[in-house]
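Open the model in your viewer and keep the selection tool ready. We will go from stop to stop, picking residues as we go.

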Amino acid sequence: MKQDIKVTVAVPIYGVEKYIERCAVSLFEQTYSNIEYIFVNDCTCDNSMGILKSILDKYPERKKQVKIIVHEQNKGLGAARNTAIKYATGEFVMWVDSDDYIHRKTIEVCVKEQSLSNADIVTFGCYVITTNNMKRLHVVPYEKPIDFSLALLQRRTHGAIWGRLIRTKLYVANNVSVKEGVNMGEDYQVMPKLAFFSNKLAFLDEPFYFYDCSNNFSYTNMYSEAKLHQDLESFDIVKSFFASFQHKYDKEINLAELKLIITNFVFFSRYKGLEYYYVESIKRLRKINATYWKYLSLPERLLLHFSKWQSLLKIYAQFATSIKHIFELIYFKR
């Protein structure tokens, strides 16, 4: 196949010495050759960079394709992504988190699909790896970019920045970036916007990405009040973007916020010490017109109703979550 499309593979690095070898090998062994690799060292304190350089020595043909950008101080995941886009020279960018890895034919297949469809974003499937098992997530296709964008806004579809081939121009031409210091929900800050500005989409159901959730020290596996506020700020950034279109997307914005509130109520019910999740969610719920509740499912409406009483909320949320888990087990065993 033609190799004229240059792809930037961008990898933020911080505290991943247990995983970086697996990630780097999967990247350097790609069957596609026209790749630019950008590794952003966000002041990692472990031996991640030493391991990366030792692995690169085994792939001398890739050395000239590698850029290692070093932050002078730790800035967080969002800033690392901004840095990678700043230095990217590829027509397309593909994000791979350093504790994850991809199939060796990922870029080849994605570029082939992009060449056929002229898509601005090519989305592909993934496996979610936990300590106990590996579950395949299928891709839900969308024909119209605006439908995809609104689905991302409402978290009705997989919203991570990884698992996609994205036209770099979507970032640059539309000034799409992550707010520095707001690292929770940093994917959410940009994906709905990128989809909104795109002209054509393509979807591949092949599970080429391996998303490893077993890293208990990853950013998304730890809870704190500060991280909750970052997650809420990420939502508010996207909310502000859609709100700028003169009430055109009011329904979608309010449903998105209700979904976020419901998720945070579930977290509050599931884990001890997350009372601040309840407090912040109640504040937001009171500001939303209750007429939007009718667009939610009955279990979701019941959860919001029980939110007036913390004890009932916990009982109902735990019960509803258990029932949902049972149905998921039945579905995935098919």
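What follows is a list of selections, with a note on what to find at each.

**Before you start**

This is a predicted model: local features need pLDDT of at least 70, side-chain atom pairs count only at pLDDT 80 or more, and totals for chains, interfaces and linings use all residues. Residues are numbered from 1 along each chain as its sequence is written, and side-chain values use heavy atoms, with hydrogens and water left out.

**Stop 1: F28**

Select F28. It sits in helix 1, residues 20-28. Helices (H or I, at least four residues) and strands (E, at least two) are DSSP runs, numbered from the N terminus. F28 counts as buried because its relative accessible area is 2%. The cut-offs are under 20% for buried, over 50% for exposed, and partly exposed in between, with a 1.4 Å probe and protein chains only. F28 and K63 are 35 residues apart in sequence, yet their C-alpha atoms are 9.5 Å apart in space.

**Stop 2**

Side chains of opposite charge can pair when their charged atoms come close. The structure holds 15 salt bridges. A salt bridge here is a side-chain nitrogen of Lys or Arg within 4 Å of a carboxyl oxygen of Asp or Glu.

Select R81 and D97. They form a salt bridge, with the closest N and O atoms 3.0 Å apart. This pair links distant parts of the chain: R81 is in helix 3 (residues 77-87), and D97 is in the loop between strand 4 (92-95) and strand 5 (101-102), 16 residues apart. Are R81 and D97 buried or exposed? Both R81 and D97 are buried.

**Stop 3: N175**

Most residues other than glycine have a negative phi. N175 lies in the loop between helix 6 (168-173) and helix 7 (186-197). With 66% relative accessibility, N175 is exposed.

**Stop 4: the second largest pocket**

Rolling a probe the size of a water molecule over the atoms shows where empty space is left. Select K239, A243, H247, D250, I253, N254, E257, R284, K287 and I288, which line the second largest pocket. Helix 8 (225-243) and helix 9 (250-270) are the elements that give two or more residues to this lining. Helix 9 gives the most, with four residues.

A pocket is found on a 1 Å grid over the protein atoms alone: it is an open set of points where a 1.4 Å probe fits, with protein on both sides within 12 Å along at least five of seven lines, and lining residues have an atom within 4 Å of a point. The volume of this one is about 180 Å³.

Color the lining by class. You will find three nonpolar, two polar and five charged residues. Ala, Val, Leu, Ile, Met, Phe, Trp, Tyr, Cys and Pro count as nonpolar, Asp, Glu, Lys and Arg as charged, and the others, Gly among them, as polar.

Stay on H247. Where does H247 sit? It is in the loop between helix 8 and helix 9. H247 is not a glycine, but it has a positive phi of about 70 degrees. Its relative accessible area is 63%, so H247 is exposed.

Next, pick two other lining residues, E257 and R284. Their side chains meet in a salt bridge of 2.8 Å, N to O. E257 is in helix 9 and R284 in helix 10, 27 residues apart, so the pair is another link between distant parts of the chain. Both E257 and R284 are buried.

**Stop 5: E300 and K259**

Select E300 and K259. The closest N and O atoms of this salt bridge are 2.7 Å apart. E300 lies in helix 11 and K259 in helix 9, so the bridge ties together parts 41 residues apart in sequence. E300 is buried at 17% relative accessibility, while K259 is partly exposed at 25%.

**Stop 6: V279**

Select V279, in helix 10 (residues 275-285). V279 is partly exposed, at 42% relative accessibility.

**Stop 7: W309**

Finish with W309, in the loop between helix 11 (298-306) and helix 12 (310-332). W309 is partly exposed, with a relative accessible area of 40%.

Note on methods:
Points joined across faces, edges and corners; volume = space filled by probe spheres on them.
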